[in-house]
Amino acid sequence: MNTHLPNLKHLQYLVALHHHQHFHKAAESCFVSQSTLSSAIIKLEQLLNCQLIERDHKNFVFTRHGKEVVAMAEQLLNQADDLINYCQVQGNPAQGKIYLGCIPTIAPFLMTEVIERAHQSYPGLDMFVIEDTTENLLDALQHGRIDVAVLALPIDDKFSQGFHYLPLGKDGFYLAGSRALIDKVLADGDYRHVSKGQIFVLSEEHCLTRHALAVCKVNEKEKLNDFAPTSLTTLMQMTLHHKGLTFLPHMAIKRGLAGYADIAYAPLPGHPSREIALVYRHRSYRQETYENLAKIIKPLI
């Protein structure tokens, strides 16, 4: 066994520098001076006998080895954090803090009940919910800023490695909007009588848009309105105002989002849906905790 092991703080500085790509910002994020961070990385290079960064007077770039060391350092830091948390709760899966990420098209309709039921079943669990887009949550999960996430599948291939998925259930898509338009779509089996710009969807960073357009078979992009809101509430208001059409997940309808007097809704033929899953890092010691959490969430989907 090698007795010359790197300092975890130094690895933390390296990861921060890679994330910020700026010495001063990285140092600020670690609450140290720039000179402290710089000298720590030099010491790390000397210890590892490996050049991690190529420097000149004004710029720097991570070497190929440096990027690989950053990836391994992130894993080590996550495992060190897991070790501390494990010891603090003495291995009890029903104790400790959980930072749970959730996408905006699920969180408002699910998280209140999840937190309430989790507290009833496991009062020793202290849950914090972070709402963000799929890509941001996967990045946070990968870098250890959150512990677990509730997401809609599939996800981008660049994030497909290093995570474990617990299926939670399927969330069906509904047509919502003008009753006349819905009746035409259901009668035709397609969108031929939907005019240009009459379909409203969320902005592209929301995975709901990609999933809905794919499974609901909207192939003519000119049918989509250029206005792309960032929330389901605004989406419904615009659909209502313009007498248009949109796609809503069943959990949103079940919890009253389509409860406007002039908004109709109906399930789509073939029952297209999105798959909801609980996602966490491979090798996490809290697998039992996440399995218990999945049992709480499944009946709510």
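**Figure 1. Helix 6 and its packing partners.** The buried residues of helix 6 pack against strand 3 (96-102), strand 4 (125-131), strand 5 (148-153), strand 6 (163-177), helix 8 (207-215) and strand 9 (273-281). Packing here rests on contact, meaning heavy atoms within 4.5 Å. Helices (H or I, at least four residues) and strands (E, at least two) are DSSP runs, numbered from the N terminus. This is a predicted model, in which local features need pLDDT of at least 70 and side-chain atom pairs count only at pLDDT 80 or more, while totals for chains, interfaces and linings use all residues. Residues are numbered from 1 along each chain as its sequence is written, and side-chain values use heavy atoms, with hydrogens and water left out.

**Figure 2. The buried side of helix 6.** Which residues of helix 6 are buried? In helix 6 (residues 134-142) they are Thr134, Leu137, Leu138, Ala140 and Leu141. They lie on the same side of helix 6, because they cover an arc of only 160° around the axis. The arc is that of the directions from the helix axis to the C-beta atoms. An α-helix has 3.6 residues a turn, so residues three or four places apart point the same way. Buried means under 20% relative accessible area, exposed over 50%, and partly exposed in between (1.4 Å probe, protein chains only). Just after helix 6 comes Gly144, with a positive phi of about 80°.

**Figure 3. Helix 1 across helix 3.** The axes of helix 1 (residues 8-20) and helix 3 (residues 34-48) come within 9 Å and cross at roughly 110°. Helix 1 is therefore roughly perpendicular to helix 3. Axes are lines fitted to C-alpha atoms, for helices over the stretch in contact, and angles run from 0 to 180 degrees between N-to-C directions. Angles under 35 degrees count as roughly parallel, over 145 as roughly antiparallel, 65 to 115 as roughly perpendicular and the rest as oblique. On the helix 1 side, the contact uses His10, Leu11, Tyr13, Leu14 and Leu17. They meet Leu37, Ala40, Ile41, Lys43 and Leu44 in helix 3. The residues of this contact divide into 8 nonpolar, 1 polar and 1 charged. Ala, Val, Leu, Ile, Met, Phe, Trp, Tyr, Cys and Pro count as nonpolar, Asp, Glu, Lys and Arg as charged, and the others, Gly among them, as polar.

Figure 4. His10 sits in helix 1. Is His10 buried or exposed? His10 counts as buried, because its relative accessibility is 19%. Leaving aside residues up to four places away in sequence, His10 touches Ala40, Lys43 and Leu44. His10 and Leu37 are 27 residues apart in sequence, and their C-alpha atoms are 7.7 Å apart in space.

**Figure 5. Helix 2 against helix 3.** Helix 2 (residues 23-30) packs on helix 3 at an angle of about 100°, with the axes 8 Å apart. That makes helix 2 roughly perpendicular to helix 3. Phe23, His24, Ala26 and Ala27 of helix 2 make the contact with Gln34, Leu37 and Ser38 of helix 3. The residues of this contact divide into 4 nonpolar, 3 polar and no charged.

**Figure 6. Gln287 in helix 11.** Gln287 lies in helix 11 (residues 287-297). Gln287 counts as partly exposed, because its relative accessibility is 36%. Gln287 and His164 are 123 residues apart along the chain, and their C-alpha atoms are separated by 9.5 Å.
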